[in-house]
Amino acid sequence: MIIDLRSDTVTKPTKGMLEAMMQANVGDDVFREDPTVKVLEKRIASMFGKEEALFFPSGTMANQTALKLHTSPGDQIICDKYAHIYNYESGGASFNSGVSCKLIDGNRGMFKAKQVEEVINPSDYWYAQASLVEIENTTNKGGGACWDFNELKKIRLVCDNNNLGFHLDGARLWNAIVAKNETTQQYGSLFDTISVCLSKGLGCPVGSILVGDSEIMKNAIRIRKIFGGNMRQSGYLAAAGLYALDNNIERLDQDHKKAKEIGEELTRLSIINTVEPIETNIVIFELNKDINEKEFVQNLADKNIHIISMGGGKLRMVTHLDYTNAMHEKLLNILKTLKF
């Protein structure tokens, strides 16, 4: 039994999802003739109360397209120091859009409206001018933390008062919505653009969606083309997304429950220094300084348990669709008896 907790991207399509993919009605999406892609885009746009949605092969490409839609070269994006667009998208903001990032020192990837106000540069021409505020929900490097929706409303007001766009990297937004009992409509009413991932918690093999109103989205398909993201019979992939929307959202609370149980077991280990608060499906913890991180990871790998380092002494486990009850029981038993 191999237990892979490196990410919720390691899942494989279920039998039902594969059947839905094989039965998909497809066409050439470059000509905008794939009916299944159209259904998926229309459905997710409607879920968020937006006018347009566009299917992307990756969340990074969806985010990078959003940044380009909101900015001009030389602009500045305001985001948290833990932001995925800053840490894990290969410098794409500067490479693709010619923009810089003003980093906020938030708490677990989240910041306050007051902090946004404090980092907006003066209008003098020798400063980079902010054009966008970007947030990530749930926060990846912040351990799957969920934003306070009331604070997001306050940030929206700051954006409105300063003529700033507001983009949500919602790679794991489905997890936040389930954990906080919120709705897609709530988020759609607050953000100008939102990217949501289908290949993480929802278990699809490929795919993300970018949503927004018609004006902001009018050049999205051109930018996707520039980035090399146009696809042909992508309805096979879109069918997986439609299946996931029907079958894999409500079950996310099972992943959250397992993650919390893992966290409880980790806190009992004398070799663990800290376990960060767990709200969704991500468990981030730190070892005591006298414990070798590489040896710890290898020790688990030797037991067919695979986890990942986040850098800075942080280790991560992520629960997901393919992490079964049997795997969970085995992991908890191993942690109970772990000697190092």
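**Labels and their criteria**

Author: Let us start with strand 6, from which G165, H167 and D169 point one way while F166, L168 and G170 point the other way, and all of these residues are buried. The model is predicted, so that local features need pLDDT of at least 70 and side-chain atom pairs count only at pLDDT 80 or more, whereas totals for chains, interfaces and linings use all residues. Residues are numbered from 1 along each chain as its sequence is written, and side-chain values use heavy atoms, with hydrogens and water left out.

Reader: Why is strand 6 (residues 165-170) called largely enclosed by the rest of the structure?

Author: Buried means under 20% relative accessible area, exposed means over 50%, and partly exposed lies in between (1.4 Å probe, protein chains only). Six of the six residues of strand 6 are buried, and therefore the strand is described as largely enclosed by the rest of the structure. Strands here are DSSP runs of E with at least two residues, helices are runs of H or I with at least four, and both are numbered from the N terminus.

Reader: What makes strand 9 and strand 12 the edges of their sheet?

Author: The sheet is open and has four strands in the order 9-10-13-12, with antiparallel pairing. Strand 9 (272-275) and strand 12 (308-311) each have a single partner strand, so one side of each is left without a neighbour in the sheet. From one strand to the next, the twist averages 35°. Strand 9 is joined to strand 10 (residues 282-287) by three bridges, the two running antiparallel, and T274 has E286 of strand 10 as its bridge partner. Helix 13 (residues 252-267) packs on the sheet and touches strand 9, strand 10 and strand 13 (314-318), its direction making about 15° with that of strand 10.

Reader: How many salt bridges are found in the whole structure?

Author: The search finds 20 salt bridges. One of them links K114 to E118, with the closest N and O atoms 2.5 Å apart; these residues are four apart in helix 6 and are therefore separated by about one helical turn. Both K114 and E118 are exposed. Salt bridges that share partners also join R108, E276, E279, E286 and K314 into one network.

Reader: Is R32 buried, exposed or partly exposed?

Author: R32 has a relative accessible area of 26% and is for this reason partly exposed. R32 lies in the loop between helix 1 (15-22) and helix 2 (35-48), and its phi is near 60°, a positive value in a residue other than glycine. R32 forms a salt bridge with E41, the closest N and O atoms being 2.7 Å apart, and E41, with 6% relative accessible area, is buried.

Reader: Where does S90 lie, and what is its phi?

Author: S90 lies in the loop between helix 4 and helix 5 (92-97). Phi of S90 is near 55°, again a positive value in a residue other than glycine, and S90 counts as exposed because its relative accessibility is 77%.

Reader: Which residues are joined by a cis peptide bond?

Author: The cis peptide bond joins N137 and T138, with omega about 0°, and T138 lies in the loop between strand 5 and helix 7 (149-161).

Methods: Two strands pair if DSSP finds at least two bridges between them. Axes are lines fitted to C-alpha atoms, for helices over the stretch in contact, and angles run from 0 to 180 degrees between N-to-C directions. Contact means heavy atoms within 4.5 Å. A salt bridge is a side-chain nitrogen of Lys or Arg within 4 Å of a carboxyl oxygen of Asp or Glu.
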